[in-house]
Amino acid sequence: MRDTVFPGGLLLTPESALPWEDCPAVEALTPVALGSLCDIDPKPEFMLLGTGSGLIQPPRAFVRAMEEQGIGVDVMDSRAAARAWGVLRAEQRWIVAALMPL
């Protein structure tokens with residue numbers, strides 16, 4: 001974001017940008033690893049998940065757990081997720097993003 005580098009990853013809400021210090025590998029991703037990312041009011045429409053330099057599908061159990069909370073997961077590489085974030089937020093969409101490092 002701007003001139004700040006987040007080497008461990010980045011968690012975004014419409015209201016905040018936080019370093020993702022304990023970012024796990026995609027294969028080990030759980031909702032707990034997101035901390036309070038999705039605890040915003042109202043609930044986010046969906047989450048953009050940036051999986052680093054390439055698209056890697058997260059565990060199906062992670063996606064199911066997020067969907068059980070009413071939050072869809074859109075997976076793409078982190079650069080594409082960052083671009084999508086800008087477009088969707090310009091449209092005032094209420095979303096969150098978890099961007100893994102490149």
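## Sheet, helix and cores

User: Where does Pro42 lie?

Analyst: Pro42 lies in the loop between S2 and S3. Helices (H or I, at least four residues) and strands (E, at least two) are DSSP runs, numbered from the N terminus. This is a predicted model, in which local features need pLDDT of at least 70 and side-chain atom pairs count only at pLDDT 80 or more, while totals for chains, interfaces and linings use all residues. Residues are numbered from 1 along each chain as its sequence is written, and side-chain values use heavy atoms, leaving out hydrogens and water.

User: Is the peptide bond from Asp41 to Pro42 cis or trans?

Analyst: The bond from Asp41 to Pro42 is cis. Its omega is near 0°.

User: OK, the sheet. In what order do the strands come?

Analyst: The order is S2-S1-S5-S3-S4. Five strands make up this open sheet, and the pairing is mixed. Two strands pair if DSSP finds at least two bridges between them.

User: Which are the edge strands?

Analyst: They are S2 (17-19) and S4 (72-76). Each pairs on one side only. From one strand to the next, the twist averages 15°. Axes here are lines fitted to C-alpha atoms, for helices over the stretch in contact, and angles run from 0 to 180 degrees between N-to-C directions.

User: Do S3 and S5 run parallel or antiparallel?

Analyst: Parallel, with four bridges joining S3 to S5. Met47 stands opposite Val96 in S5.

User: And S1 and S5, parallel or antiparallel?

Analyst: S1 and S5 run antiparallel, joined by three bridges. Opposite Leu12 stands Ala97 in S5.

User: Which residues cover the two faces of S5?

Analyst: Val96 and Ala98 are on one side, with Ala97 and Leu99 on the other. All four are buried. Buried means under 20% relative accessible area, exposed over 50%, partly exposed in between (1.4 Å probe, protein chains only). In a regular strand the side chains alternate between the two faces of the sheet.

User: What does helix H2 pack on?

Analyst: H2 (residues 78-90) packs on the sheet and touches S1 (10-12), S3, S4 and S5. The direction of H2 makes about 145° with that of S3.

User: Which residues of H2 are buried?

Analyst: Ser78, Ala80, Ala81, Ala84, Trp85, Leu88 and Arg89 are buried in H2. They sit on the same side of H2 because they cover an arc of only 155° around the axis. The arc is that of the directions from the helix axis to the C-beta atoms. An α-helix has 3.6 residues a turn, so residues three or four places apart point the same way.

User: What does the face turned away carry?

Analyst: The face of H2 turned away from its buried side carries the exposed residues Arg83 and Ala90.

User: Now the largest nonpolar core. How many residues?

Analyst: The largest nonpolar core has 18 residues. A nonpolar core is a set of buried Ala, Val, Leu, Ile, Met, Phe, Trp, Tyr and Cys residues joined through side-chain atoms within 4.5 Å. Leu34, Leu37, Met47, Phe62 and Ala98 have the most contacts inside it. S3 (46-50), H1 (60-68) and S5 (96-99) each give two or more residues to this core. The largest share, three residues, comes from H1.

User: What is Phe62 in contact with?

Analyst: Leaving aside neighbours within four places in sequence, Phe62 is in contact with Leu29, Thr30, Pro31, Leu34, Met47, Leu49 and Val73. Contact means heavy atoms within 4.5 Å. A second, separate core has 13 residues, including Leu12, Ala84, Ala97 and Leu99.

User: Switching to loops. Where is Gly52 found?

Analyst: Gly52 is in the loop between S3 and H1. At 3% relative accessibility, Gly52 counts as buried. Not counting residues up to four places away in sequence, Gly52 touches Asp77, Ser78, Met100, Pro101 and Leu102. The C-alpha atoms of Gly52 and Met76 are separated by 8.5 Å, though the two are 24 residues apart along the chain.

User: And Gln92, where is that found?

Analyst: Gln92 is in the loop between H2 and S5. Gln92 has a positive phi of about 65° although it is not a glycine. Gln92 counts as exposed, at 61% relative accessibility.
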